[in-house]
Amino acid sequence: MRKYLFILPLFFVLNLTFSQTVPEGFSLAKSQISTGNYVEAMNSLREYLNSEKYGNLSNYARFYFAKASLETNQTLQALEVLQPIIELDWENADEVKILVAEAMFKNSQNLDALRILAQVQSADLKENVSDLTFKYLSSSSPDFLVSNLQGFKENPGYVGALSAVLQSKTVLSSDERSLYYELRGLGEATGTGKDDVLDLVVILPFTDFNSRNDSISPNTFVYELYQGLSLGVDQLKREKRQVNLLTFDSRRDLAYLKNLLQDPSILKADAIIGPIYQDEADLVSVFAENAKIPFIHPLSNLGERFANREYSFLFRPSVNDLSEGIVRSLKRQNWGKKFAIGYSNSSRDERLAGMLQQRLLQEGFFQINMKQLTPSSTGQFLQELGITTGRDSLENLVDQIIILTDDPSIAQPTFGLIESVTSDVPVVVMDSWLAFNFANYEMLEFPNFYFISNNVPEFESEEMKKFKQRFYNRYLTYPTLNASLGYELLYWISLNLGPVSGYDFRKSLDLGAFQKGKLTWGFNFQNSNSNQYVPVFGFEAGELKPLN
C-alpha cells in the first residue's frame, strides 16, 4: 500500500517590505480580506492599482485584488489584474505565479496552471505548489492526468492526484492501468514511499464458472493450498509483521479474470499469488509484467514461458531446474552410466523426460529404455529392465531407473514390485511419493528409492512439527503437502519482500544464492525465475538426507 501526499490548507503570506508608508485604504483592504469582505476589499484596492502613481505598492495591490476576485469566483478579472506582474522580477514573483495558477485552475486552464507552477523556484513554496495541484486535479479527468504524467511527474501533488483518481475508479481502461503501473514506481522520486504493510493478493480457482456447483470444496488441492497461505499470514502477524491478504476467486473464467484484474486492490498489491491453470497464469503474468508486480505461480514446474520475464516466478523448480538437479546428483553418485526413464502423460513429466534424456546423453550416460507409463504398463516396463522375482541384480541391465510422475496409480505398482524382489538398483522418483500412504520406504531390504526435490519439506524439523500442530489446532486435520507449500510460500515472500528486505523482489532474490526454508530445505532464485535448489534425497538411518 503506497502513501500519497494529500492537500493541506493553502495560505499566501505576502510581506509588505517597501519604504513607502502604507496608505490607510490599503491597510483597510487587507483587513477586509481577512474578515471575508471581498467586494469591499476590491473597492478599497482599485485606487492603488495605478503603478504610475503608487509604484511598487500597486504590485501588492494587484495581488490582493486578484485574491479577493478569486474568492468571489471572478477568475477572469483575477487573471487580468495579475497580467502586468506575472513576469515581473521581484521578491514575490513565486507567490504571484501560485496565485495565477490557482486562477487558471479555477478557469479550467489546467495545463497552463501546471506550466506556471513548474516555474516556481522557492523551495519554501514547493509544498504549496504540490497542495494546490492536488486540490484542483484530484477530481479531474483521468484521461487528462494519464496523458500528461510524463510532463509533470516531478510534482508530488500531480502524482497524488492521479493515484487518487485511479483508485476511485472501479473499472480502468488498459491505458489507465498502464500509467497507473508507471505511477507505482514514482514513490521514491516524489517523496512518497512504501509503508510497512505487505499487501498480498491471492487469485485461485475456488469455483468453476461452468460448473453447476459453485460451492467451495474443502477437499480440493486449491483449498489445501489456501489453508497453508492463510496460516502463513497468521504466523507473520504473530511475528509482528503487518500483512494484508486479499483473496479472489478466478472462477476458471478468463473474461471474469480480465475484469477482476482491474480491481484497485490488485493494482496496488505488492505480490500476486496464483492463479494455477495455464491460461489464467499466462493472463496474470502479462498483467504482472505491465504492472511491475511480482506474480508467483505456487505449484507449476512449467516456467519456460516466464524465462524472459522480470516479474513472473515459479515457487517450485522449473523443468530445466529439475533436470539439472537430477543430472548433478547422478554424476556425483557414480552408480553407473546406464539409465532408463519412465514418465506419465502429464505436460511436466513428458517435457522433463525429454530434457533429462538429452542432458544425460550429453554427459556420457547410455539410455537402456525410455517409455511413457500407465498403471497397467508400469510392471512390464520394470520387468523389461530386469525387476523380476528371482533376479538378484540388475548390474548388467541398468544402473538407475528414473520414474517421473506424481500419479499414485503408477507409484503403487512400482513400489509393490520393488518391494517384492531383492533388487538394489537405485530408483529415482519425485518427492511427492513420500506422501503416499501405501509406501513404507524404511522397511525395504535395500534403501534404493531416491527422491527428486520439488520444494520437498524437511519432515522431521522442529518447524514442521510446530506447523503441523498449529494447522491441526485450526483445521482439526493434519496438513497436506499443498498446505505445507502454501505456508512456505508466504514465508519465502516475506523473506524477500517487505520493509526490511525492500520492495524490489528481483533484487532481493539476487542478493543471495541460497536461502534456508522454514518448512522446506531451501531456495535458490539467484538470477532465476524459479527455485534452482534441486537436491536428490535418500534415507540415511531412517532420516531423509540430501545426497552428497
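Predicted model: local features only at pLDDT ≥ 70, side-chain atom pairs only at ≥ 80, totals over all residues.
Figure 1. Asn155 belongs to the loop that lies between α10 (149-152) and α11. When neighbours within four places in sequence are left aside, the residues in contact with Asn155 are Leu114, Val129, Ser130 and Thr133.

**Figure 2. Leu162 within helix α11.** Leu162 is located in helix α11, which covers residues 156-168. With a relative accessibility of 0%, Leu162 counts as buried. Val146 is 16 residues from Leu162 along the chain, and the C-alpha atoms of these two residues are separated by 7.2 Å.

**Figure 3. Packing of helix α2 against helix α4.** Helix α2 comprises residues 38-45 and helix α4 residues 56-71; the two pack at an angle of about 155°, and their axes are 9 Å apart. Because angles over 145 degrees count as roughly antiparallel, α2 is roughly antiparallel to α4. The crossing in which α2 passes α4 is left-handed. On the α2 side, the contact is made by Tyr38, Met42 and Leu45. On the α4 side, Ala61, Tyr64, Phe65, Ala68, Ser69 and Glu71 take part. By class, the residues of this contact comprise 7 nonpolar, 1 polar and 1 charged.

**Figure 4. Helix α23 and the glycine that follows.** Helix α23 (residues 481-496) consists of 16 residues. From its first C-alpha to its last, α23 reaches 23 Å, close to the 22 Å expected at 1.5 Å a residue. Helix α23 is mostly covered, with 14 of its 16 residues buried. After α23 comes Gly498, which has a positive phi, near 150°.

**Figure 5. The protein chain as the setting of the close-up views.** The protein chain contains 24 helices and 12 strands. Its length is 548 residues, and 53% of these count as buried. Among contacts in the protein chain with a separation of 6 or more, 64% are between residues 24 or more positions apart.

Conventions
Residues numbered from 1 in each chain as written. Heavy atoms only, no water. Axes fitted to C-alpha atoms, helices over the stretch in contact; angles between N-to-C directions. Helix = DSSP H or I, 4+ residues; strand = E, 2+ residues; numbered from the N terminus. Parallel < 35°, antiparallel > 145°, perpendicular 65-115°, else oblique. Left-handed = near helix turned anticlockwise from the far one by under 90°. Contact = heavy atoms within 4.5 Å. Nonpolar A, V, L, I, M, F, W, Y, C, P; charged D, E, K, R; others polar. Expected span 1.5 Å × (residues − 1). Buried < 20%, exposed > 50% of the residue type's maximum accessible area, 1.4 Å probe, protein only.
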